[in-house]
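Hi,

Here is the structure I promised to send over. Have a look at it first, and my notes follow below.

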Amino acid sequence: MKKYRLLVTTIIAIGIIIIGTSNPISNLYKSTNLISKGIQQKDDKKQDNKTNEKNFLIYIDPGHQEKGDPNPEPVAPGSSQTKARVSSGATGIATKKPEYVLNLEASTVLKHILEGKGYNVMMTRETHDVNISNAERARLANDKKADMVIRIHADSLDNSGKTGASILIPAKESKYTSNIYDSSSQCAKLVKNQMTNAGINVNGIFERNDLTGFNWSEVPVVLVEMGFLSNYNEDQMMSNPDYQRKLMQSVADGVEEYLRQKN
Ligand SMILES: [Zn+2]
């Protein structure tokens, strides 16, 4: 009996020694270390991407300006058809806020989000008291060979029941914009997906061949109509900083996805 007792005691002692050396706390510490190393490596990768992203230029055009300019300008290079150089835009039915004010507010939010992602960002205007026509805005982005132009607008209709964001892109079947259609369309699709995922009501992507700002563009361009100023609720929503941020975050995420694919 004594022999067995000794054997059992020895086994227990060996067991304690084995458990002791494989100290679970130090093991936990080791794996935590490994995990944080993994995260660190991912962060480093992100950092590398950011360096690449710095080479991309995104031009933001906050639509309209304080005083419209009704003087005509050609709707496309070499076209005899003309339109007003630029209008002052719509006004919010509830907020009474002019569209040019809302557009610059949202554009500034978008600028900060995109800069936070590491991109170069330029704006066609950062104040209201300017006179830059739609063709001139397009040419500013052309001159800088922008990788993407985002035009920020808000809709308005006689029908106050109509709501939702719309995404406008240059027409495929247009001699002025067929060459920028594919890239613009690709970016628009990604922006639309991000908006839908964020729970934003999107009416769709619409081709337009009548917009001066598109026809003069030599670089990909997407116009975001954020919603309807003519709808009481949506007008107020668009001025809500949280909604504005959510909207612009999804635009920025879509642009980021587009540029990543392009890279
Ligand atoms: Zn507008």
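A term you will need first: contact, or packing against something, means heavy atoms within 4.5 Å. Helices (H or I, at least four residues) and strands (E, at least two) are DSSP runs, numbered from the N terminus.

Please keep in mind that this is a predicted model, where local features need pLDDT of at least 70, side-chain atom pairs count only at pLDDT 80 or more, and totals for chains, interfaces and linings use all residues. Residues are numbered from 1 along each chain as its sequence is written, and side-chain values use heavy atoms, with hydrogens and water left out.

Let's start with helix H4, residues 134-143. Its buried residues (under 20% relative accessible area, 1.4 Å probe, protein chains only) are Asn-134, Ala-135, Arg-137, Ala-138, Ala-141 and Asn-142. Seen down the H4 axis, they fall within an arc of 160 degrees (taken from the directions from the axis to the C-beta atoms), so they line one face of the helix. Their packing partners are strands S1 (57-62), S2 (69-74), S3 (82-86) and S5 (148-155), plus helix H6 (212-215). Just after H4, Lys-145 has a positive phi of about 50 degrees.

Now to helix H3, where you will find Ser-107. Ser-107 is buried, with a relative accessible area of 0%. Not counting residues up to four places away in sequence, Ser-107 touches Ile-60, Pro-62, Met-123 and Ile-152.

Happy browsing!

Terms used. Buried < 20%, exposed > 50% of the residue type's maximum accessible area, 1.4 Å probe, protein only.
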